[in-house]
Amino acid sequence: SVRFFAYGDTRSKPKIHNKLVAEMLSMVKAAPSYGSFALVSGDLVATGLNEGDWSDQFFNPKKAPNLQQLLSQIPYIACMGNHEAYLGKNVFDYNATLFRQKFPYPYVDPTSFYWSFSYGPNVKVFIIDQYHYYDAGSQQLQWLEQGLKSKAKWKFLVFHAPAYTCGTGHDPRQVPEMIKVKTLLEPLITKYNVQVTFGAHNHVYCRYDVNGVQHLTLGGGGAWLYNVTDFKLPNSMLMCG
């Protein structure tokens, strides 16, 4: 078995994020096995192209001392969210230079943000980049399908914008990144027996069961919370919200 943390949308309110991390640290102290790693579904700060936000909202020893301790203790595995590429006033640059500098993971493509890692022989985690080209036949989808052939017992996908979610902030039937999860990723999720997907984007917690696959929205990492609504998505069951 493996224990780990998973959450997302830590942006904008570092003191709330810090309180959440305090609970994580307490859990690690009580049961060190929780310190395997943390999966973070993007939107770490409000404007990821602004160095000031990283200093104020994330790497801030005064507002978020617990986070600094967590970062020093366990692997912190974050995917790129839309706010990592945000400058403000509806201006985006998906090169996300500051995110890449601060989280230099072993990306497969130096111009994108997807990669994977194994935790022992039984866990394989795939970090998906939703903000660079990954349509049918793309390098990222080919890489993902090849990786999903792994014999690992547990296969997880981490991305920012989920296809199955219940928050009022983003309707998964209308947001392109969310639609692509359903049209491009879900066939691979089903074919290769992925057990869990981890997303955020909507600032809520909810879990959808889709043919036995658990789709989690974990957007309560610090950003203000949205209201919960059931979109009545076909062939799915909202388990909690």
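Predicted model: local features only at pLDDT ≥ 70, side-chain atom pairs only at ≥ 80, totals over all residues.
**View 1. Salt bridge between R11 and D43.** The side chains of R11 and D43 meet with an N to O distance of 3.9 Å. R11 sits in the loop between strand 1 (5–7) and helix 1 (14–30), and D43 in the loop between strand 2 (38–40) and helix 2 (51–58), so this pair ties together parts that are 32 residues apart in sequence. Both R11 and D43 are buried. The search of the whole structure that found this kind of pair gives 9 salt bridges.

**View 2. Salt bridge between K180 and D135.** The closest N and O atoms of K180 and D135 are 2.7 Å apart. K180 belongs to helix 6 (residues 176–191), while D135 is in the loop between strand 7 (123–127) and helix 5 (139–148); the pair therefore ties together parts that are 45 residues apart in sequence. K180 counts as partly exposed because its relative accessibility is 26%. D135, at 29% relative accessibility, also counts as partly exposed.

**View 3. Salt bridge between K232 and D230.** Here the closest N and O atoms are 3.7 Å apart. K232 has a relative accessibility of 65% and so counts as exposed, the cut-off being over 50%. D230 has a relative accessible area of 32% and is partly exposed.

**View 4. Network of D9, R11 and D43.** Salt bridges with shared partners join these three residues into one network. Within this group, the pair R11 and D43 has an N to O distance of 3.9 Å.

**View 5. Length of helix 1.** Helix 1 has 17 residues, which at 1.5 Å a residue should span 24 Å.

**View 6. Buried side of helix 1.** The buried residues of this helix are P14, H17, N18, V21, M24, L25 and V28. These residues lie on the same side of helix 1 because they cover an arc of only 115° around the axis. An α-helix has 3.6 residues a turn, so residues three or four places apart point the same way. The buried residues of helix 1 pack against strand 1, helix 2, helix 3 (65–73) and strand 3 (76–78).

**View 7. Exposed face of helix 1.** K15, K19, E23 and A30 are exposed residues on the face of helix 1 turned away from its buried side.

Key
Residues numbered from 1 in each chain as written. Heavy atoms only, no water. Salt bridge = Lys/Arg side-chain N within 4 Å of Asp/Glu carboxyl O. Helix = DSSP H or I, 4+ residues; strand = E, 2+ residues; numbered from the N terminus. Buried < 20%, exposed > 50% of the residue type's maximum accessible area, 1.4 Å probe, protein only. Expected span 1.5 Å × (residues − 1). Arc of directions from axis to C-beta. Contact = heavy atoms within 4.5 Å.
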